Amino acid sequence: MSTPRTYGRLVHGTDHEGRLLWGIRAQPHVAMRIKRMFPRVEQGRKGDIYLRGTQEVARDLEWLLERFPLELSPETAAVLRAEAEAHRAAEETVAAILEGYRPPDSWQAPARPARDYQQQAADIVHAMHGVLIGDPLGLGKSFTSLLVLRDPAALPAIVACPTHLPRQWLKELGNTLPWLHGHIVTGTKPYDPATRRGSGGQQPDVWIIPYSRLAGWAHHLHGKINTLIFDEVQELRNGTNTAKGRAAALLGDDSRYRVGLSATPVYNYGDEAWEIYDILAPGVLGSREEFLREWGGGERGQDRRVKVANPRALGTYLRDAGLLVARTRAEVGRELSEPVRVTQEVDTDQAIIDQVAGDVSAMAELLLSTDSDPKERWHAAGQIDWRMREATGIAKAPYVAEFVRLLLESERQVVLWGWHRAVYDIWMERLKAFNPVLYTGSETTAGKGRSAEAFISGRSRVLIMSLRSGAGLDGLQEVCNVGVFGELDWSPGVHNQCEGRLAREGQENEVVTYFMASEGGTDPLMIEVLGVKAGQAEPMMNPDAAAFAPVAGDVNRARLLAASVLDRARRRSGQLAVA
């Protein structure tokens, strides 16, 4: 009997991070076909082909070997078979769960009954091990993630969350799985929680750690944690370029389950999805270079951010692969009306904006110059952005306060969002008759808690919140349905998060949010760029989202802002010369 013909050799190994890697050396005509089949191949200097060893790639390699047999050792064959079988099993299980199958278990039931869609998401996590739960705000993502911990093999666990949410998570744990012992980490340096008051001398089942303290504990807890729950997972959108991202990746190396929670994981450009999934399910989207070759649109923003060419297709792939669970309210039968958004033109003191535009015009010229030092351009971009946004906020702050005052003639309470301290000071002074309270980045966790309590209790009628504070804060929806964006953020995801603090379970009225837009300053440009970014996030998370028509032209906000500054400065100089 003749030996079956082979077209090359397949081997397996690991990369520098210890992740599975496949290597192929094939005849030229077969290598060309492989490169067409696998758009994320890495080309070696000798023509060798390298592929990240995901379970999906193993399935595809099996298919390749049917058409073009390759030599492989018994050990490599066994690894390939095991990886492909794991992918088949997970795929079949996820498909069955989505069709209504409920995997049997004998674990203790939660203290509160789970809704079908919540249990379904937890079952998918048990099948896939690394999943992003992107259900809309108010559908109980926290409760859903805690259902994963019913599996004793999921313990101990870490809940990583924003600084203001540990007590809310501890309360949720007690209400859902009261037999588990939770502990809030209170320092950046490791200590023995069993020695702390109220611990009963036992180690935690669930460690609740603010993102700001994660790096200090990562090496201490590495290899000891079986489940990671990342609340507001957009905190990891910069991946391992940050200390908390590196800590999250380290802790995830040996964990059994990794769950990300956020209805708005993509704040800016679509490549943030890769950064998040590289921690939740390492390798499923290939390397960053592979991801950009396969999904990237080529258009770049600041900080090496890259647009995804077809975010709707990316979202569909992630859902079909069981990596993303993102249902609409209509799909789960828990509809709330979408917030009504009103763009409200507001008067502005143009002289303030003109003055700052003149002050930063030299930096704008430096930023637009191709001959200047890249570090100097980066510094100039940050300074222009900060000063022009602050000037815009200050210039319209008195008029925003007056609009809020008029709203309070008919509304019981208002949440007012902003970004700059100087703007807050103007609002606090002009709205002092309504006992305004602050919930921003400057207050302590206890101070934020007191402000929230004062507003929820009705002692304050105006809650001034930082645009990027308070993610996950609960209770505002019970007393307020009106919000005002006194300043804007560059990210549409931030606005969605803010609205979600009012438009969530328990809200009995239609939510209305007002976007206060000036004709000058940064507002017109921000509104334009926000449309570009919304086109990255919304189709990925919701396949039924309206099609997005991209804004033409350069979306690099720093250069656009610099050009706007110079145009304003030149017009002002011309007006002064005429005068």
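1. A word on the basis before going on. This is a predicted model, in which local features need pLDDT of at least 70 and side-chain atom pairs count only at pLDDT 80 or more, while totals for chains, interfaces and linings use all residues. Residues are numbered from 1 along each chain as its sequence is written, and side-chain values use heavy atoms, with hydrogens and water left out. Helices (H or I, at least four residues) and strands (E, at least two) are DSSP runs, numbered from the N terminus.

2. Back to the charges. Side chains of opposite charge can pair when their charged atoms come close. The whole structure holds 23 salt bridges. One of them joins aspartate 523 to lysine 396, with 2.6 Å between the closest N and O atoms. This pair links distant parts of the chain, since aspartate 523 belongs to helix 19 (residues 523-541) and lysine 396 to helix 15 (residues 374-407), 127 residues apart. Are these two residues buried or exposed? Aspartate 523 and lysine 396 are both buried.

3. Glutamate 443 and arginine 421 meet in another salt bridge, at 3.7 Å from N to O. Here too distant parts of the chain are linked: glutamate 443 is in the loop between strand 16 (437-439) and helix 17 (445-457), and arginine 421 is in helix 16 (residues 421-430), 22 residues apart. Glutamate 443 counts as buried at 19% relative accessibility, whereas arginine 421 counts as partly exposed at 31%. Do also look at Arg102, Asp105, Asp123 and Arg150, which a network of salt bridges links.

4. What lies beside strand 19? Strand 14 (residues 340-345) runs parallel to strand 19 and is joined to it by 6 bridges; strands pair if DSSP finds at least two bridges between them. Within that pairing, glutamate 345 has alanine 517 as its bridge partner. Strand 18 (residues 482-485) is also parallel to strand 19, with 4 bridges, and valine 484 stands opposite tyrosine 514. Strand 18, helix 18 (residues 492-500) and strand 19 form a right-handed β-α-β unit; right-handed says that, with the strands pointing away from the viewer, the path from the first strand over the helix to the second runs clockwise.

5. Helix 8 (residues 243-252) is largely enclosed by the rest of the structure, because 7 of its 10 residues are buried. Those buried residues are Gly245, Ala247, Ala248, Ala249, Leu250, Leu251 and Gly252. Their cover includes strand 6 (157-161), helix 7 (211-221), strand 9 (227-231), strand 10 (257-261) and helix 9 (272-280).

6. On to the rings: the structure holds 8 aromatic pairs. Rings of Phe, Tyr and Trp (its six-membered ring) pair if their centres lie within 6.5 Å, with planes under 30 degrees apart counted as stacked, over 60 as edge-to-face and the rest as tilted. Tyrosine 7 and phenylalanine 68 are edge-to-face, at 5.4 Å centre to centre and 85° between the planes. Tyrosine 7 is buried with a relative accessible area of 13%, and phenylalanine 68 is buried with 5%. The rings of tryptophan 295 and tyrosine 317 have planes at 35° and centres 6.1 Å apart, so this pair is tilted.

7. Finally, ring pairs link Tyr191, Trp207 and Trp217 into a cluster. The charged end of arginine 196 sits over the ring of tyrosine 191, 3.7 Å from its centre; this calls for NZ of Lys or CZ of Arg within 6 Å of the ring centre and within 35 degrees of the ring normal.

Technical notes:
Buried means under 20% relative accessible area, exposed over 50%, partly exposed in between (1.4 Å probe, protein chains only). Contact means heavy atoms within 4.5 Å. A salt bridge is a side-chain nitrogen of Lys or Arg within 4 Å of a carboxyl oxygen of Asp or Glu.
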